[in-house]
Amino acid sequence: MKYIPKEFVTTPIVYAVKDTYQIIVPVSCETVMWVKVGDRCFYDDSNGILRSASSTHKITVPQQLLNKEKKYTVCYRIIYERRPYDTDAGDVMYYESDFRPVENTPVHIYHIADAHNNVGQPVAAGSYFGDKLDLLILNGDIPNHSGDIKYFTAIHEIAARLTNGEIPVVFSRGNHDTRGIFAEKIEEHTPTDSGRSYYTFRLGHIWGIVLDCGEDKCDNDPAYGHTICCSDFRQRQTEYIKSVIANCKSEYEAEGVENRIVVCHVPFTEKFEYPFDIENDTYTEWARLLREHVHPQLMLCGHTHNAYISRVGGEKDDKGQPCTVIVASKTNKKDPEALFYGGAITLYSRCCNVKITSDSGHIMIDENIVFDKE
């Protein structure tokens with residue numbers, strides 16, 4: 001783990017969203033912050049006003065620029081007292097970091113979901129590739145819920161301890177993330193696309209789409225206390241998928257794209273029993289749109305607290321899978337030697353190797369997947 005300034009809760013983390021990186025820095029005191037890449041500065045501001053009254057800074061930088069420079073500097077000042085005039089601010093301090101973009105093949109990816117505020121075991125499992133890790137995917141339910149702002153820290157702590165802010169991270173929201181008052185504040189504390197928790201991303205030759213199923217039961221379930229409208233939220237994503245398809249030449253058919261993946265916390269192509277058997281028509285439509293137009297090679301999921309590989313047409317394929325689905329988030333409370341499993345994926349242009357690995361280094365599944373030729 002790299003040195004962390006006392007003003008930071010973790011190292012910075014570099015999250016991928018669309019064609020940008022969102023550099024997120026959780027802090028322990030009021031600061032203003034900006035990031036310098038090359039000779040350009042990018043600010044955490046609100047309409048020209050540097051933000052200090054937040055426990056999380058988020059600065060967006062162009063992917064192309066950071067990929068070229070391969071380093072960035074976080075610049076910040078402590079704010080001792082913010083006043084209408086003559087604010088008491090400290091001197092500028094600096095935190096420098098190298099950065100290694102996704103460029104070559106194969107790409108070593110580690111997938112973590114369902115940590116539920118557990119940090120140690122997911123980090124141990126996610127250390128499988130060591131310093132050869134190229135991309136980390138955090139796929140939902142990393143916090144146990146959003147009822148306390150401190151639970152967002154688990155997301156960034158896992159990411160920081162595995163990447164040191166030196167390689168990209170893809171984040172996807174899970175259903176537990178929707179629970180609690182701070183679920184309303186997701187835009188301030190996690191990567192989003194203008195506030196949306198679903199988006200596409202591009203990392204080297206990898207194109208991906210992050211989808212968000214929201215909650216896993218009907219909106220009127222008493223557990224939610226009349227606080228959600230996830231059915232409408234999913235309908236908006238149907239239209240979003242259609243818009244991505246309409247812009248395919250700048251998305252999954254763009255020059256240089258060799259791999260296409262879907263990241264979604266819930267494996268929505270499966271059949272679930274009551275009260276989790278929701279949105280069958282919507283999820284069938286998602287699967288159809290992806291299958292007929294996007295042609296993804298892999299879909300990465302969690303949610304079930306299990307680990308398996310679901311092939312197209314297999315027993316878990318209930319809605320017409322668009323591709324092979326990898327579910328990698330097994331927890332095993334009865335086995336003290338292997339409490340947490342995630343997915344170690346070595347991705348090539350036309351195939352991949354998938355290992356389901358534990359925090360103790362145990363390999364539960366080791367399979368090769370050959371992608372269909374188009």
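User: Where does helix 5 lie?
Analyst: Helix 5 (residues 230–246) lies across strand 14 and strand 15. The helix runs at about 160° to strand 15. Angles run from 0 to 180 degrees between N-to-C directions, with axes fitted to C-alpha atoms, for helices over the stretch in contact. Contact means heavy atoms within 4.5 Å. Helices (H or I, at least four residues) and strands (E, at least two) are DSSP runs, numbered from the N terminus. This is a predicted model: local features need pLDDT of at least 70, side-chain atom pairs count only at pLDDT 80 or more, and totals for chains, interfaces and linings use all residues. Residues are numbered from 1 along each chain as its sequence is written, and side-chain values use heavy atoms, without hydrogens and water.

User: How many bridges join strand 14 to strand 15?
Analyst: Five, and the two strands run antiparallel. Strands pair if DSSP finds at least two bridges between them. Arg-202 has Trp-207 in strand 15 as its bridge partner.

User: What order do the strands of the open sheet take?
Analyst: The six strands go 14-15-16-17-19-18, with mixed pairing. Strand 14 (199–203) and strand 18 (307–310) are the edges, each pairing on one side only.

User: Thr-324 next. Buried or exposed?
Analyst: Buried, at 10% relative accessible area. Buried means under 20%, exposed over 50%, partly exposed in between (1.4 Å probe, protein chains only). Thr-324 lies in strand 19 (residues 324–328).

User: Which residues is Thr-324 in contact with?
Analyst: Leaving aside neighbours within four places in sequence, its contacts include Leu-298, Met-299, Ile-309 and Ile-369.
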